[in-house]
Amino acid sequence: MGTMIIGVILVVVIGLVIRSMVLDRKNGRACSGSCASCKGCSHSGSDQFEH
């Protein structure tokens with residue numbers, strides 16, 4: 001019984017994390033790896049660094 005409860009909790013948490021990531025991506029808040037399009041990147045000017 002305890003294993004099932006932990007499993008359900010893990011599924012819910014993972015689902016919420018994925019949902020948050022999808023919503024962030026839709027709203028343009030997710031980092032795509034390109035500093036040219038990243039609003040939060042500290043070096044988004046002409047001197048771009050590779051990730």
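Two exercises with solutions follow. This is a predicted model, where local features need pLDDT of at least 70, side-chain atom pairs count only at pLDDT 80 or more, and totals for chains, interfaces and linings use all residues. Residues are numbered from 1 along each chain as its sequence is written, and side-chain values use heavy atoms, leaving out hydrogens and water.

**Exercise 1.** Check the span of α1 against its residue count.

*Solution.* Start with the inventory: the protein chain has 1 helix and 0 strands (DSSP runs, numbered from the N terminus: H or I of at least four residues for helices, E of at least two for strands). Next, take 1.5 Å times one less than the number of residues. For the 25 residues of α1 that gives 36 Å, and the end C-alpha atoms are 36 Å apart, so the two agree. After α1 comes G28, with a positive phi near 80°.

**Exercise 2.** Is I5 buried, partly exposed or exposed?

*Solution.* First locate I5: it sits in helix α1, residues 2-26. Then apply the cut-offs: buried is under 20% relative accessible area, exposed over 50%, partly exposed in between (1.4 Å probe, protein chains only). I5 has 46%, so it's partly exposed.
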